[in-house]
Amino acid sequence: MKKLSTLSKSVIIALSIAGVGAGIGTAAVASGQINIGQSDTSSDSFEAVAAYQSKISLEQAIAIAQQTNQGDLVSAEFDLDDDHGSAATGEYEVKFVSGNNEVELKIDANTGKVLSTEQEQMDDEDIADYTVMKQSKVSLTQAMQIAKQKFNGKVIEAEFDLEQNKPVYEIEIANGTQVQKIVIDASSGTIMTNQVDTSDHDEHDKEADETVEQSQNATVKPVQRPLVTG
């Protein structure tokens, strides 16, 4: 039996509490306002589970990419490729910098096979960010190790960033459906912030509220009967 998505369950519960008739709820599903079985496909929680269950880890994907690229690692992340419809496949996107060029490799998350390699020239902003990263005392790989020592799970994303002109590394660790976001100081290796990502659930709640509001506004207009006089 096909399971209801988180969005669909939220809407059904909300409709029941609001006392909206079953006819309106059915109409909402039929009209496509509630997309059963697909909302979670693009969610962070669904992607986190796929990454957590993949046979190849992010660290292994980086090692595979480094076999053919000797540049500096600047980012790596898990991505759920849904270009093939329901047959979504997981892959890692690993990026290196060599000279003024950025090289991106896509690696199958279950087989470790290199799917594609792309290269493009960096613009001035990218070069400036890369220069700051090169001057940092902590590398991206070291930041990943720091995060793993503190939190359980699998690293699914790691990248360099500038927050208010301060060099940091942003690391995401998946543990089941939960995604922990960690920000690490690129100069000292200190964990600056860490939090569980709830943006996906908030978005689902927002969509559910909007759907309920639309259903409530779809009231049946009363039939106007002609006034019969004696």
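**Exercise 1.** In this predicted model, find the distance between the closest N and O atoms of Asp72 and Lys134, and state where in the chain the two residues lie.

*Solution.* Begin with the charged atoms: the closest N and O atoms of Asp72 and Lys134 are 3.3 Å apart, and the pair forms a salt bridge.

**Exercise 2.** Is Asp72 buried or exposed, or does it fall in between, and which residues does Asp72 touch beyond four places away in sequence?

*Solution.* First compare the accessibility with the limits: buried means under 20% and exposed over 50%, so Asp72, at 27% relative accessibility, counts as partly exposed. Then list the contacts, which are Lys95, Phe96, Val97, Tyr130 and Lys134. Now look at the side chains, where a polar contact of 2.3 Å joins Asp72 and Tyr130, while the polar contact between Asp72 and Lys134 has a length of 3.3 Å. Finally, turn to Lys95, which lies 23 residues from Asp72 along the chain, with 8.4 Å between the C-alpha atoms of the two.

**Exercise 3.** Lys95 also has a charged partner, Glu104; determine how far apart their closest N and O atoms are, and classify both residues by accessibility.

*Solution.* The closest N and O atoms of Glu104 and Lys95 are 3.7 Å apart, which is within the 4 Å limit, so the pair forms a salt bridge. For the accessibility, Glu104 has a value of 15% and counts as buried, whereas Lys95 has a value of 23% and counts as partly exposed.

**Exercise 4.** Which parts of the chain does the pair of Lys148 and Glu59 tie together, and how many salt bridges are counted in the model?

*Solution.* Lys148 lies in helix α6 (residues 140-150) and Glu59 in helix α4 (residues 58-66), so the pair ties together parts that are 89 residues apart in sequence. Both partners are partly exposed, Lys148 at 42% relative accessibility and Glu59 at 27%. To finish, the count for the model comes to five salt bridges.

Notes. Residues are numbered from 1 along each chain as its sequence is written. This is a predicted model: local features need pLDDT of at least 70, side-chain atom pairs count only at pLDDT 80 or more; totals for chains, interfaces and linings use all residues. Side-chain values use heavy atoms; hydrogens and water are left out. A salt bridge is a side-chain nitrogen of Lys or Arg within 4 Å of a carboxyl oxygen of Asp or Glu. Helices (H or I, at least four residues) and strands (E, at least two) are DSSP runs, numbered from the N terminus. Buried means under 20% relative accessible area, exposed over 50%, partly exposed in between (1.4 Å probe, protein chains only). Contact means heavy atoms within 4.5 Å. A polar contact is a pair of N or O atoms within 3.5 Å; within protein, one must be able to donate a hydrogen and the other to accept it, and residues adjacent in sequence count only if both atoms are side-chain atoms.
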